[in-house]
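Let's take a look at how charged side chains pair up in a protein, and then at one of its helices. Have the chain open beside you as you read.

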Amino acid sequence: MAFFQVFVLSIIIVGSLGKSFGIRRLYVNFLLKIFEYGRVNIETAKKSRYDDVSAETDDEASLTSQTSIAAAEPGQKVMVNGNGFLGKPQPNGNHLISRDPLILAPDAEYQSTKKEPPRKISSSSDEFNAEEEKNFEFNLENCLDYVKAGMEAIIEDDVTSRFEAEELKNWNLLTRTNRHYEFISWRLTVIWMCGFFIRYIVLMPLRVLICFFGVMWLVICTALVGSLPDNDFKRWMVPPILRHCFSILASSVSTVITYHNEENRPLNGICVANHTTPIDALVLMHDNCYSLIGQRHGGFLGVLQRALARASPHIWFERAEAKDRLAVAQRLRQHVSNPRNPPILIFPEGTCINNTSVMQFKKGSFEVGGVIYPVAIKYDARFGDAFWNSSRYSMMQYLYMMMTSWAIVCDVWYLPPMFRQEGESAIDFANRVKSVIAKQGGLVDLMWDGQLKRMKPKKEWRQKQQEEFTKRLKGE
């Protein structure tokens with residue numbers, strides 16, 4: 001018991017200093033070897049079962065083929081496909097759907113404006129030419145793109161899949177990503193049971209203890225700093241104290257973070273990043289001091305918000321105030337105009353996405369003016385899915401899932417500062433920043449609004465689609 005207490009205390013002290021023994025990175029590398037071993041076992045077991053099934057199938061197919069060939073008429077060809085069954089060969093695995101991202105886009109301006117060349121009318125009949133000229137504006141084939149896009153959306157749309165857990169290529173020994181592999185072989189069963197014991201009996205209690213201590217320490221430190229007079233000494237004290245507190249909190253979920261291009265770390269202005277989880281703020285505050293903006297919360301998040309507000313300037317809105325765009329923009333301008341304030345951290349998507357894509361950036365933070373610091377965050381879902389589906393899980397349920405995951409492993413890229421160009425609209429500027437973040441993080445750049453997981457498509461979008469479809473029918 002004394003050893004456990006010393007171990008916990010050493011983790012807290014080292015984490016509070018922003019240092020590491022390197023144990024977490026060794027732990028992550030060891031997990032990768034375990035995952036690879038599990039993959040080999042799963043593939044071996046699958047291959048063995050497939051061979052057994054194929055042997056039985058081949059015997060049945062051979063008998064069926066011989067019977068069919070014997071029953072065939074003279075000269076009739078009997079085709080046997082690669083699986084040994086009569087009939088047409090199966091598809092070779094190529095995708096049957098080739099999506100056109102410009103059809104049924106949220107805004108008609110994104111759609112293709114390519115016009116089809118006019119058809120040549122070759123007829124000696126003047127009456128026939130006049131009739132063709134009259135009916136030339138309507139082509140039935142113009143609606144086929146919309147029919148195809150509609151079918152694709154029914155099968156699998158681009159939006160819904162962005163609010164589900166990222167699909168893994170290989171099983172990571174977690175029951176929440178279970179594919180019924182834990183009992184596929186006795187070796188994998190033993191490894192899974194050992195992992196279950198380590199995560200729930202060893203890691204989870206340790207992480208809960210560190211998290212509780214981290215929250216309490218954050219509340220105490222921010223209360224002490226908040227009691228100081230607002231002067232240069234207080235502003236000098238806040239950044240290291242906040243980094244110190246967030247380093248402890250980061251240890252509670254076993255974060256392994258790699259920061260790239262630290263010379264581009266934000267100093268002031270506005271910092272924008274893609275949004276996957278509330279842990280995004282923890283990941284960035286671990287390395288730098290930021291002011292935060294967002295809606296007031298109760299519960300666990302509310303405790304953290306009130307603690308942070310004591311020590312540094314943050315912008316918290318009530319639900320009704322957050323809908324007032326002018327009030328939000330005004331407070332943003334006031335914050336950015338003061339060079340003594342730390343950079344303000346904003347997630348322009350407005351909701352959590354599953355870290356496979358970047359969705360529409362709200363233009364509000366790009367209308368304020370000044371410098372924008374883009375940041376790309378990419379999580380490694382093999383060790384734990386950091387995505388928070390707020391419509392499905394509460395904050396406490398989400399924290400439980402994080403503390404029973406293997407670890408939170410991510411890369412953070414600080415990108416060069418960007419400025420709004422002359423004549424560039426806020427929407428175009430937001431899209432330009434979004435594309436840079438998506439490219440660096442290896443994410444899909446989508447134009448859809450992330451709020452679609454909570455609301456129906458806007459009426460204006462349907463009207464624009466109707467107008468665009470009318471233009472197509474007229475051949476404009």
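D230 is exposed because its relative accessible area is 63% (exposed means over 50%, buried under 20%, partly exposed in between, with a 1.4 Å probe and protein chains only). Its salt-bridge partner is R235, which counts as partly exposed at 28%. A salt bridge here is a side-chain nitrogen of Lys or Arg within 4 Å of a carboxyl oxygen of Asp or Glu.

A quick word on the source: this is a predicted model, where local features need pLDDT of at least 70, side-chain atom pairs count only at pLDDT 80 or more, and totals for chains, interfaces and linings use all residues. Residues are numbered from 1 along each chain as its sequence is written, and side-chain values use heavy atoms, leaving out hydrogens and water.

The structure holds 11 salt bridges, including these:

| Pair | N to O distance |
|---|---|
| D230 and R235 | 3.2 Å |
| D287 and R265 | 2.9 Å |
| R382 and D380 | 2.6 Å |

What about D287 and R265: buried or partly exposed? D287 is buried, at 16%, while R265 is partly exposed, at 23%. In the last pair, R382 is partly exposed at 38%, and D380 is partly exposed at 21%.

Now for the helices, which are DSSP runs of H or I with at least four residues, numbered from the N terminus. Helix α5 covers residues 186-226 and contains V202, a partly exposed residue at 39%.

How values were computed
Helix = DSSP H or I, 4+ residues; strand = E, 2+ residues; numbered from the N terminus.
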